[in-house]
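Hi everyone, thanks for coming. Let me put the structure up, and then we'll walk through its inside together.

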Amino acid sequence: MKKISILFFILLFQLVPINMFSKSRTGNLKIYVSGFKTCNGQLILALCNSESNYKDHKNPYKGGKALIINKTSQFVFRNLPYGTYAIKAFHDKNKDNKLNFALLGWPVEAYGFSNNARRTFGPPSWKAAKFTFFRNNQTITFKVK
């Protein structure tokens, strides 16, 4: 019986990666965004780490801004803890740091979400936009429309 227990634990530790036992793993998340019609303005990003702060449009986990060059943009979240995230982004053409809307309520500035998630009315669900960040250097790409 003792030999079976020892063999079980040896097998378990061979199947489970060592980094699963580390308390805190971090890495760099590189984001590439395309689909811009112009290079005017800036890209504004919101990185969300839960469904609740994904739905709350004023309090993301982390935020960022980036220039638009050749109708693309990139940003890096450094030393980001491994986990589940979703990204919301928009093209802030007039650099007023907010997504502008037309009188009838639809956005007049291009926007996008991780996984290229879209929905006809309103933002896509957390489930559609979320992804798992688990590498030292990981890259995601999506488009604004």
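Let's start with L29. Leaving aside neighbours within four places in sequence, L29 is in contact (heavy atoms within 4.5 Å) with L47, F75, V76, F77, L80, I87, F131, F133, Q138 and I140. A quick word on what you're looking at: this is a predicted model, where local features need pLDDT of at least 70, side-chain atom pairs count only at pLDDT 80 or more, and totals for chains, interfaces and linings use all residues. Residues are numbered from 1 along each chain as its sequence is written, and side-chain values use heavy atoms, leaving out hydrogens and water.

L29 also belongs to the largest nonpolar core, which has 21 residues; L29, I31, L45 and I87 have the most contacts inside it. By such a core I mean buried Ala, Val, Leu, Ile, Met, Phe, Trp, Tyr and Cys residues joined through side-chain atoms within 4.5 Å. Buried is under 20% relative accessible area, exposed is over 50%, and partly exposed is in between, with a 1.4 Å probe and protein chains only. A second, separate core of 7 residues includes Y54, A86, A117 and A129.

And the cysteines? How many disulfides does the structure hold? There are 0 disulfides, counting pairs of cysteine sulfur atoms within 2.5 Å. C48 is buried, at a relative accessible area of 0%, whereas C39 is partly exposed, at 34%.

Finally, the lining of the largest pocket has 14 nonpolar, 8 polar and 3 charged residues. Here Ala, Val, Leu, Ile, Met, Phe, Trp, Tyr, Cys and Pro count as nonpolar, Asp, Glu, Lys and Arg as charged, and the others, Gly among them, as polar. For the pocket itself, picture a 1 Å grid over the protein atoms alone: a pocket is an open set of points where a 1.4 Å probe fits, with protein on both sides within 12 Å along at least five of seven lines, and lining residues have an atom within 4 Å of a point.
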